[in-house]
Number of protein chains: 2
Amino acid sequence: MAKEITNREENYSQWYNDIVRKADLAENSAVRGCMVIKPYGFAIWENMKAELDRMFKETGHQNAYFPLLVPKSLFEAEEKNAEGFAKECAVVTHYRLENDPDNEGKLRVDPNAKLEEELIIRPTSEAIIWNTYKNWIQSYRDLPILINQWANVMRWEMRTRPFLRTSEFLWQEGHTAHATKEEAVEEAAMIHEVYTRFAEDYMAMPVIKGHKSESERFAGADDTLTIEALMQDGKALQAGTSHFLGQNFAKAFDVKYLNSQNKEEYVWATSWGVSTRLVGGLIMTHSDDDGLVLPPRLAPIQVVIVPIPKPNPEIMEVADKIAIELKGKGIRVKVDRDDKKRPGFKFAEYEMKGIPVRIGIGKRDLEKGLVEIARRDTKEKESIALELCVDHVSGLMDIIQNNLLERAIQFRTDRTTTVDSFDEFKKVLEENQGFIYAHWDGTAETEEKIKTETKASIRCIPVDAKDEDGVCVYSGKPSRRRVLFAKAY
Amino acid sequence: MAKEITNREENYSQWYNDIVRKADLAENSAVRGCMVIKPYGFAIWENMKAELDRMFKETGHQNAYFPLLVPKSLFEAEEKNAEGFAKECAVVTHYRLENDPDNEGKLRVDPNAKLEEELIIRPTSEAIIWNTYKNWIQSYRDLPILINQWANVMRWEMRTRPFLRTSEFLWQEGHTAHATKEEAVEEAAMIHEVYTRFAEDYMAMPVIKGHKSESERFAGADDTLTIEALMQDGKALQAGTSHFLGQNFAKAFDVKYLNSQNKEEYVWATSWGVSTRLVGGLIMTHSDDDGLVLPPRLAPIQVVIVPIPKPNPEIMEVADKIAIELKGKGIRVKVDRDDKKRPGFKFAEYEMKGIPVRIGIGKRDLEKGLVEIARRDTKEKESIALELCVDHVSGLMDIIQNNLLERAIQFRTDRTTTVDSFDEFKKVLEENQGFIYAHWDGTAETEEKIKTETKASIRCIPVDAKDEDGVCVYSGKPSRRRVLFAKAY
C-alpha cells in the first residue's frame with residue numbers, strides 16, 4: 001500500500017523525499033549529488049519543457065546547442081561570473097584511460113593524456129556562448145540574437161536534494177544579444193513575464209515577481225529578475241530568473257557591433273533560465289500526505305479509468321469507449337487493465353502519483369447507468385450518469401487546475417505577513433514562517449546581518465511594490481518600499 | 001551571393017564543410033572536436049527528434065534521464081565495453097577551482113579538491129544505467145523495462161567533422177531489460193525496423209539492414225544490427241545501431257530476476273542509438289552544388305514565399321493569404337518580408353538552405369493570376385494559377401519527399417556492384433566506390449586483411465541476403481552468402 005509516507009507536520013523534509021521516491025519521480029544515483037530522473041518524473045519535465053519551448057518560440061526565440069565543456073581561459077574571462085561559480089566546477093583534466101598495470105582488468109587515467117588546458121563542465125554557458133557570439137555579430141543588422149538552449153549543467157553542490165538542488169541538473173538557458181540597453185532590459189522583463197505565466201497558468205504555482213537585491217544577483221548580471229514561490233513549509237523557492245547582463249560579457253569577450261551610424265559599440269545581453277528544480281516546486285506546492293498532487297495541464301496521465309473490482313469484458317468496453325472519447329478531447333488517459341491488484345491498492349497508488357481524476361467503473365453502478373468520479377485535489381467522489389461522464393471529466397480539467405491555483409494563492413495569503421519591527425519579523429519566522437514584507441534600508445550590510453541572525457534572505461524587491469515611506473526593521477534608517485523576505489531553498 | 005561553395009567533383013569533403021557553414025548548420029567551437037549547432041541545424045535535429053520520439057513512444061518506450069558522469073569503477077565493470085571506449089574518455093578529476101595566487105584574476109584547479117574516484121563523462125550509458133536497473137529489477141513482474149534517454153555524450157575523437165564525428169554529440173540511447181533472450185532479440189530487431197522506417201520515410205535516405213560482423217560489433221554486444229546508407233562520394237555511413245547485449249551487462253552488474261518458477265536468472269538486454277550524425281547523413285544524401293537539399297518532412301521551413309522584386313501591400317496580401325492557407329494544412333511556411341535584398345540573392349540563399357519549395361509572387365504574374373513555383377530538388381519552375389497554388393504546393397510535399405527517396409535509391413543502385421574476385425573488388429573501389437556485395441569466408445582475419453589492403457570494411461551481413469554458395473573473394477574459402485563492403489565514414 002502507498003500509505004507509507006511521512007506526514008508533512010511530522011517531518012516536511014522526509015515527506016518530500018518520500019513523495020519523490022514513492023511517486024516514482026527520481027532517485028539518487030551512484031554519482032554524488034546526481035539523480036536519476038525516472039520515467040514518471042521525466043514525463044512531468046517533458047510536459048513543462050513542451051509548454052515552455054512553445055512560449056519561447058512564440059516570443060521569437062530559436063533553439064541551438066553549445067558545447068558542454070568550457071576551456072578554463074574562457075570560463076575565467078568574465079571575472080564576477082567566474083568567481084561566482086569557481087567553487088562548484090567539475091574539471092576535466094584528462095582525455096584517456098589505459099589498462100592499469102597493477103590491477104588486471106581495471107583502468108586508470110592515462111598520465112600521458114593530460115589536457116594542456118583544463119575544461120570546465122558548464123555550470124552555465126555565458127562564457128562559451130559569448131565567445132561564439134563574438135564571431136556572429138558585426139553590425140546592428142546581426143542583432144538581436146534570440147537563442148535558447150535545453151541542456152544539462154553541473155554545479156558541484158555540497159548539500160543536494162532531488163530536483164531542488166542537484167549537482168547535475170537539466171535546464172533551459174536563454175542567451176540574447178541586443179543593440180540597445182532598452183531592448184535588453186525589455187527582453188529580460190518579457191521573459192520574466194513568460195516565467196510568471198508558466199508558473200501560474202501551468203504549474204498553478206503563484207509567484208511574486210521582483211528584482212534581486214545586489215548581493216543576491218546572478219554573478220555577472222547588472223539586474224536579476226526572479227519569480228519567488230511559497231512552499232508549504234513556509235520557505236521560498238526561487239523558481240526562475242531572468243538576468244539583464246549589461247555589457248559585462250560583451251566587454252569580457254570583446255563583442256562589438258557597428259551601429260547604424262557606423263559607430264562601434266558593445267553589445268547588450270540577457271540570460272535566463274528555469275530548471276528541473278521546477279519539478280520540486282510543483283511537488284511542494286500542491287502535494288499532501290497521500291502523495292503527489294498534479295495540476296492537469298502538466299500531469300502525464302490526467303485521467304485513470306479503473307474497473308471495479310477487476311476487468312471484465314462489459315466494463316472494459318465502457319472503459320475503452322470513455323477513454324477514446326476523452327482522448328478525442330486531447331485528454332491523457334490511462335485504462336487500468338491489471339487484474340491482480342485490488343481496487344483499494346490501485347486507488348492509493350494513483351493518489352500517490354497525483355493523477356487528477358479517477359473514473360471508477362463498477363458492475364452494479366453500471367447497471368444503474370452510473371460511474372464514480374474521484375478528484376485528487378479535493379478527494380471528492382461523486383456518482384454521475386455514464387452519458388455525462390466525458391463532458392464532466394473534461395470540464396474538471398480546468399476546474400481542478402484553477403482550484404489548485406486558488407488554494408495555493410490562499411495558502412500564500414495566509415502565510416504572508418507585513419511587519420514593522422525586527423521583533424515581529426523574528427516572531428513570524430519562529431511561529432509561522434512564510435513571506436514577510438518589511439522595510440529595508442537598501443544596504444548589503446543590513447541584508448547580511450538579517451540573514452545571519454534569522455536565516456531569512458531578501459527574496460526580491462517586488463516589481464509591484466508600492467512607494468511607501470517607512471523605516472528599516474533592522475537599522476531604523478529610512479526606506480521607500482517594503483521588500484520580500486523569507487527563508488529559502 | 002551564396003554560390004561560393006566548392007563543387008562535389010572537385011573536393012567532396014570541402015563541399016560538405018562548405019554546406020555546413022553556408023547553410024548555417026553548425027560551426028567549430030573553442031573546444032577541440034566539439035561543434036556549436038546553430039539554430040537552423042538544430043531545427044533539423046529537433047524535427048528528427050520529434051518523429052523518433054513519437055515512434056519510440058508508440059512502441060512502448062518511456063524517456064528518463066541518467067547522470068552525465070560515470071564513476072570509473074562502474075565504467076570498467078563490463079570489460080569489453082570499457083576497453084572499447086577507454087581511449088576516448090574525458091575524465092573529471094577535480095570539483096573546484098580557486099584563485100591562482102601567481103596570476104591575478106585567473107583561476108586554477110584547486111589541488112585540494114581532487115576526487116577520490118575519477119568520473120568519466122559518459123561515452124554511452126550502459127554502465128550507469130545497468131547499475132541503476134539492478135535496484136529496479138527483482139522479479140519477472142518488473143520486466144520488461146523499456147527506457148530511452150535523449151542526452152549528450154562525449155567520445156574524445158582524434159579526427160572530427162561537424163555532425164559526422166564530433167567529440168561531444170547529441171543522441172538518443174535506448175536501454176531495455178527483458179526476461180528472455182527471445183524478447184530482447186525481438187526488441188533489437190523491432191528498433192532496427194523503426195530506424196529503417198525513420199531513415200527511409202523521413203530522411204528519404206535508403207538503408208541496407210544487416211548484422212555487423214563480430215569485429216565491427218558494439219563493445220559489449222552479442223549482436224549489433226545496423227542500417228547503412230550510401231553517401232554521394234560512394235562511402236557508407238553507419239546511420240543507426242541496435243544491439244542485443246545478451247546477459248553481458250546483467251552479469252557485470254549482477255542484475256538477476258526471479259522468474260515465474262521462482263528461479264533466479266540474469267536479465268537480457270538491448271541498447272540502441274542514433275545521433276546528430278544523422279544530420280550529416282541527411283546533408284550528404286541529398287544536397288548538391290547549390291547547397292543543402294532537405295526532404296519536406298524534416299525541413300524546418302517547407303515553403304518560402306518571396307515577393308518579387310520586393311514587398312508591396314498588394315503582393316504581401318496575397319503572400320499572407322497563401323501562407324495562412326498552407327499553415328492550415330500543417331505546412332511550415334516563411335514569408336520573406338525583407339525589402340533590401342534582391343530576389344536573385346534571396347533565391348540563392350533559400351537554395352543554399354534547402355527549402356523544398358519557393359513561391360515567387362511578382363506584380364506582372366499576379367495581374368495574370370499566376371504565381372511561380374520552384375522546386376529545390378529538381379530545380380524546376382512553373383507558373384501556376386493563383387487559385388491552384390495552395391493545393392499544388394501542399395501536394396508537392398509528398399512528391400518531393402518521394403522523389404528524393406527514389407533518386408537516392410537510384411544512386412545507390414548505380415553505385416552497387418556485385419563482384420566475384422578480389423581484382424574486381426579493388427577495381428570498383430578505385431573507379432567507382434560505392435557498395436560492393438562479395439563473398440567472404442566469415443573470418444576476422446580475412447576481414448582485417450581486406451580492410452588493411454583496401455580500406456573497405458564489412459558494413460553488414462544483410463538481413464535479406466540470399467543463401468548462395470560461393471567462395472571468398474580474398475581467401476577462396478567457401479562462403480554461404482554475400483556481405484556488404486564499402487569504405488566508410
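# Reading the terms off the model

Mentor: A:Phe163 is found in the loop between strand 9 and strand 10 (168-178) of chain A. Strands are DSSP runs of E with at least two residues and helices are runs of H or I with at least four, both numbered from the N terminus. This is a predicted model, in which local features need pLDDT of at least 70, side-chain atom pairs count only at pLDDT 80 or more, and totals for chains, interfaces and linings use all residues. Residues are numbered from 1 along each chain as its sequence is written, while chains are lettered from A and ligands numbered from 1 in the order in which they are written.

Trainee: Why is A:Phe163 called buried?

Mentor: A residue is buried if 20 or more other C-beta atoms, placed from the backbone, lie within 10 Å of its own, exposed if 12 or fewer, and partly exposed in between. A:Phe163 has 26 other C-beta atoms within 10 Å, so it is buried.

Trainee: What is the phi of A:Phe163?

Mentor: Phi is positive, about 70°, although A:Phe163 is not a glycine. Most residues other than glycine have a negative phi. Phi of A:Asp254 is also positive, near 55°, and that residue is not a glycine either.

Trainee: Where is A:Asp254, and how do you know whether it is buried or exposed?

Mentor: A:Asp254 is in the loop between helix 7 (248-252) and strand 14 (256-258) of chain A. The count around A:Asp254 is 11 other C-beta atoms within 10 Å, and therefore A:Asp254 is exposed.

Trainee: What makes A:Gln410 exposed?

Mentor: A:Gln410 has 11 other C-beta atoms within 10 Å, so the exposed class applies. A:Gln410 lies in helix 12 (residues 389-414) of chain A.

Trainee: Why is helix 8 of chain A said to be largely enclosed by the rest of the structure?

Mentor: Helix 8 (residues 277-286) of chain A is largely enclosed because 10 of its 10 residues are buried. Among them are A:Arg277, A:Gly280 and A:His286.

Trainee: How do you know that both faces of strand 11 of chain A are covered?

Mentor: In a regular strand the side chains alternate between the two faces of the sheet. On one side of strand 11 (residues 208-211) of chain A, A:Ile208 and A:Gly210 are buried, and on the other A:Lys209 and A:His211 are buried.

Trainee: Why does strand 11 of chain A count as paired with strand 12 of chain A?

Mentor: Two strands pair if DSSP finds at least two bridges between them. Strand 11 and strand 12 (residues 223-230) of chain A run antiparallel and are joined by four bridges. Strand 11 of chain A also pairs with strand 24 (residues 457-462) of chain A, in the antiparallel sense over two bridges. A:His211 has a bridge partner in each: A:Leu225 in strand 12 of chain A and A:Ile461 in strand 24 of chain A.

Trainee: Why do strand 3 and strand 22 of chain B stand at the edges?

Mentor: An open sheet of 11 strands in chain B has the order 3-9-10-16-13-12-11-24-27-23-22, with mixed pairing. Strand 3 (62-63) and strand 22 (416-418) of chain B each have a single partner strand, so one side of each is left without a neighbour in the sheet. Strand 22 of chain B pairs with strand 23 (residues 435-439) of chain B in the parallel sense, over three bridges.

Trainee: How many residues of chain A are in contact with chain B?

Mentor: Contact requires C-beta atoms, placed from the backbone, within 7 Å. By that rule, 52 residues of chain A are in contact with 52 residues of chain B. Strand 5 (residues 91-94) of chain A gives the most to this side of chain A, with four residues.

Trainee: How is strand 5 of chain A paired with strand 5 of chain B, in the parallel or antiparallel sense?

Mentor: The two strands pair in the antiparallel sense over three bridges. In that arrangement, A:Val91 stands opposite B:His94.

Methods:
Two residues are in contact if their C-beta atoms, placed from the backbone, lie within 7 Å.
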